[in-house]
Amino acid sequence: MSDDIILDIQNVTKQFPGVTALSDVSIQIRRGEIHCLCGENGAGKSTLIKILSGVYPWGSYEGHILYEGKELKLGDRSIRQAIEEGIAVVYQELTLVPDMTVGENIYLGKEPVEYGSINWDKLYADTQQILTKYNLDIQPQAIVKNLGVGKMQMTEIAKALSENAQVLILDEPTSALTEAEIEKLMEILRTLKEHGVTCIYISHKVEEFFRIADSITVLRDGKVVTTQPAQALNLEKLVSYMVGREMKERFPKGNRKPGQVIFEVLDLHAQDPVQSDREVLKGVSFNLRKGEILGIAGLMGSGRTELVMTLFGEYAKITQGKVKLDKRELQPHSSREAMQEGLSLVPEDRKRHGLVLIQSVLKNISLPNLDQFASWLRIDNNAELNASMQFAKSLAIKAPNLHVLCDSLSGGNQQKVVISKWLMSKPKVLIMDDPTRGIDVGAKYEIYKLMNDLTEQGISIIMISSELEEVLGMSDRVMVMHEGKSTSTLDIADATQEKIMALATGIA
Amino acid sequence: MSAISTTSTTSAVADIVKQFRANLRTYGLIIATIVIWVFFFAVTDGGYLGPQNFSNLFRQMSVTAILSVGMVLIIVTGNIDLSVGNFAGFISVVVAKLQNDVWRIVLPDQPLLAAVLSVLIGLAVGVLFGMLQASIIAYLRVPAFIVTLGGMWVFKGLLLIVTEGKTIAANQPYFSAIGQGYLPPLAGWIVAAGVVVLLFYNMFRSRQKKRQYGFELGSLYTDLLKTVLFAGLLVAYVFFVNRYNGIQVPVLLLAVVAVVVSYVSDNTRFGRYAYAIGGNREAARLSGVNINRNIFTIFVLMGFLCGISGIVLASYVGYGTIAAGNGYELVAIAACFLGGASPAGGVGTIFGAMIGALIMASLTNGLQIMNVPAAWQYVVQGIILVLAVLGDVYLKKK
């Protein structure tokens, strides 16, 4: 590792309508180092990656990026250009073709061709060369979908290296890996370092940094908090850099008095619907009182979404444990059954799971609730419109009328449509998975107020959130998940960001 | 800052423009139909829109249009049914066989009873085989493309087995009325009058109900205009066909089927769920929609409609033939896409499919009258289909 700076990010600012994603960010990455980047959701990490990899081309941001001393100007074919320059990204969602072999994937789009047909021998020979050079333990002819996630990731890395990547950016590389696979990855990164490849390693699992990092940068709210050599930091200091900001008036004060326990989950175990030998939930226990907001915190991959989808009857198979609502044992096998019992779920991905985007706001709000205005013969359109309008009004959905299509609404309004639809089914327990993700500050506040109102009306809320501030600002109690298990439930008075992070990262 | 307006009436012109823009596709199709008719009218010196040909035009399209009615819902849910042509053909020969070989022995001299039994059995065959395909698709999760592809061949084989390679006569009294009968002109006018009254009643009732809730009412003039236009078209149609024997029974059947299924898809939960499944299957599932049951029902409905289509086919042709229904599935599917259905699912109307079927039938009919060789008719049909959808894709991009 030298003092030679390969990537010099200078005063980069990136704005979107209503939101500043990066603000005057300056980071210096040294050649050959492993530079770790961390920060909460919305801190600006993905925006930075997108700028470096060419998704946001030169001109769409302010500031300068010097690569190998020259300014990086990614223009038209920006993503391809970035790769040609030597900057490659290994994304969390792998971009491999599952039915093709490792070699085919690595050389996809740049297969060696001889007289018009692919030279398979050369392709596989070249593949083996790369694999050997960087100590990647995979067979070039193996079909990707038969490999485990760890080896798939190795294939992605090999793909980047086959383009002679000088800077390899890894986005949340370990969230789906087992411990053994993580160790292998670390070794690979060390090997890359020996070959002079620079790595930028972005992760939520900050405890991993200390196994390989040379330097660590912390981002918060689009700004750089600090950049320091890894030796100068430890986990506690790092966590405090990541969080430590004052809780301003971002969270409206609620007026609720939680009552008796109405919902209980006792030692829940569930297995993966696809890989039946994998346990997704390894013992989750918690309870929910009437009219309270229970926050569920935890890192990505800790099983929070899997938990609530399973409670809603739409994900994993429950192998052990009990779920009780109002003292009645529940075994929901479908969302319909869960709904009838009084559960509602506002899903994490509103576009994929929450809305039929090509349909109107009206039809989306009423979809799970049509039984309220319909006989088997017909739907009473007027009653449907009337009821939906009431929810639209009380949630202040901004749209000229209810017949506009959902894909023309802003993220915040789309989320309100999803919430409306589930409120209309009059739930006893409302589960909200990252309810304010991707929503601007103003709309967030409206949703928080709404949550307060709902609890005062007697609805109990389970709120999953990746933003610690949100968890602390809105919850009455906080349950933290870690690797498929629930840890202790903290009372809000005892909960601090450090405590939650400690439970989430498993050091507590 | 009021987000949603509830009470305001808009000017007639603005309303018309707004509705036109929103339904550009549908109005475009209607205009295309009129253009085609005018074209052929000019080229054939009026023969094209003469009473007999005009009447035949609608009858020619009814067999495949009935199939299109069911196909719309199937396409809306993101599936396809390739078996409908041979399915309808199979049912047509089953019914023909009953009429010609079975009832003659079992129920001699009872043509009415025979016809009724044939119809009931034909429909039952449609529903039963429909349930078979439906359960494999909905519950065993085999892709519809594959199941109905297999079904297509199975029906073809069964058809040949039933006919033993021969043509079977199916033109007995009462039975032949289904495909070849006419509603006497007076009855036609009564039906038309009834429908017109219903249209106006509906219009006023729905305005009244909206007013009760305090909703925004479209301009009275546009609503009146639309209703008058529809009523006018209907009256014109009845007038034309009454000059040649009256409304044809198969057309009446088609109209009833189209109206009923259209109503179901617009106004019932079942219809709503179908569009939701096609629009975003995952979101529909997570919203409590029973996807399997919905898809099962849609394919059973298709089977029932194949039954109707097959019965009409046998009666109309007067025979059960070994090539019955051959290729009808493609005509039915093309009509749906022409009418605005999307291969991705979630979009498509029965009304659009009917116009699509009418356009295709008008083209075929016109080219026949002009003595254009059959080969070129196929070429023209194919080109029109692609051009129409291309136009749609282009318009959507803007």
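This is a predicted model: local features need pLDDT of at least 70, side-chain atom pairs count only at pLDDT 80 or more; totals for chains, interfaces and linings use all residues.
Chain B holds 16 helices and four strands, where helices (H or I, at least four residues) and strands (E, at least two) are DSSP runs numbered from the N terminus. Residues are numbered from 1 along each chain as its sequence is written, while chains are lettered from A and ligands numbered from 1 in the order in which they are written.

**Overall form of chain B**

- Along the principal axes, the C-alpha atoms of chain B fill a box of roughly 75 × 55 × 40 Å.
- Of the 398 residues in chain B, 42% are buried; a residue is buried if 20 or more other C-beta atoms lie within 10 Å of its own, exposed if 12 or fewer, and partly exposed in between, with C-beta atoms placed from the backbone.
- Among the contacts in chain B with a separation of 6 or more, 81% are between residues 24 or more positions apart; two residues are in contact if their C-beta atoms, placed from the backbone, lie within 7 Å.

**Domains of chain B**

- Chain B is divided into domain 1 (12-184 + 246-397) and domain 2 (185-245), with bounds that come from an automatic or database domain assignment.
- The C-alpha centres of domain 1 of chain B and domain 2 of chain B are 25 Å apart.
- Where these two domains of chain B touch, 13 residues come from domain 1 and 16 residues from domain 2.
- On the domain 1 side of that contact, α1 (12-22), α3 (51-76) and β2 (182-183) of chain B each supply at least two residues.
- That side of domain 1 of chain B has eight nonpolar, four polar and one charged residue; Ala, Val, Leu, Ile, Met, Phe, Trp, Tyr, Cys and Pro count as nonpolar, Asp, Glu, Lys and Arg as charged, and the others, Gly among them, as polar.

**A helix pair in chain B**

- Helix α10 (residues 249-267) and helix α11 (residues 269-279) of chain B pack at an angle of about 70°, with their axes 5 Å apart; axes are lines fitted to C-alpha atoms, for helices over the stretch in contact, and angles run from 0 to 180 degrees between N-to-C directions.
- That angle makes α10(B) roughly perpendicular to α11(B), since angles of 65 to 115 degrees count as roughly perpendicular, under 35 as roughly parallel, over 145 as roughly antiparallel and the rest as oblique.
- From α10(B), Val264(B), Ser265(B), Asp266(B) and Asn267(B) meet Phe270(B), Gly271(B) and Ala274(B) of α11(B).
- By class, the contact of α10(B) with α11(B) has three nonpolar residues, three polar and one charged.

**One residue to look at in chain B**

- Ile136(B) sits in helix α5 (residues 111-138) of chain B.
- Ile136(B) has 20 other C-beta atoms within 10 Å, so it is buried.
- Leaving aside neighbours within four places in sequence, Ile136(B) is in contact with Val142(B) and Val147(B).
- Ile136(B) and Phe296(B) are 160 residues apart along the chain, yet their C-alpha atoms are separated by 8.8 Å.

**Chain A and its domains**

- The C-alpha atoms of chain A fill a box of roughly 65 × 50 × 50 Å along the principal axes, and 46% of its 508 residues count as buried.
- The domain assignment of chain A gives domain 1 (5-242), domain 2 (247-342 + 427-439 + 456-508) and domain 3 (351-426).
- The C-alpha centres of domain 1 and domain 2 of chain A lie 33 Å apart, and their contact takes twelve residues from domain 1 and ten residues from domain 2.

**Where the chains meet**

- The contact between the chains takes 32 residues from chain A and 25 residues from chain B.
- On the chain A side, α13(A) gives the most, with six residues.
- That side of chain A has 18 nonpolar, seven polar and seven charged residues.
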